[in-house]
Amino acid sequence: MNQHLNPTKTGLALGGLVGGLHIVWSILVAFGWAQAIVNFNLWAHMVSLPFVVKTFDLSTAVTLVVIATIVGYVVGHVFALIWNRVHRG
């Protein structure tokens, strides 16, 4: 069985997933639904913290998505390199 991972494809997959999740979060903030999700999450974990979701800002959202995508790509790429090194035949 071949356990080799393509670092580029793995990085793109993880980067796309992480970036996509942050696009969804940005949409939730833009529609004003994010605070309810934060409140529910804190309640479900029995935590009380004063987190307040700020108003939507397009430049901040774009920065968030771009940085998250890049970090996701790098983490996926490095993971695949480590995986391949550990699983050498």
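Me: Is Met46 buried or exposed?
Reply: Met46 counts as exposed, because its relative accessibility is 77% (buried is under 20% relative accessible area, exposed over 50%, partly exposed in between, with a 1.4 Å probe and protein chains only). This is a predicted model, where local features need pLDDT of at least 70, side-chain atom pairs count only at pLDDT 80 or more, and totals for chains, interfaces and linings use all residues. Residues are numbered from 1 along each chain as its sequence is written, and side-chain values use heavy atoms, with hydrogens and water left out.

Me: Where is Met46 found?
Reply: In the loop between α2 (34-44) and α3. Helices here are DSSP runs (H or I, at least four residues), numbered from the N terminus.

Me: What about the phi of Met46?
Reply: Met46 is not a glycine, yet its phi is positive, about 55°.

Me: Now α3. How many residues does α3 have, and how far does it reach?
Reply: α3 has 29 residues and reaches 42 Å from first C-alpha to last, close to the 42 Å expected at 1.5 Å a residue. The expected span is 1.5 Å times one less than the number of residues.

Me: Which residues of α3 are buried?
Reply: Ala61, Val65, Ala68, Gly72, Gly76, Ala80 and Asn84.

Me: What do the buried residues of α3 pack against?
Reply: They pack against α1, where contact means heavy atoms within 4.5 Å.

Me: Why that spacing?
Reply: An α-helix has 3.6 residues a turn, so residues three or four places apart point the same way.

Definitions and conventions: Helix = DSSP H or I, 4+ residues; strand = E, 2+ residues; numbered from the N terminus.
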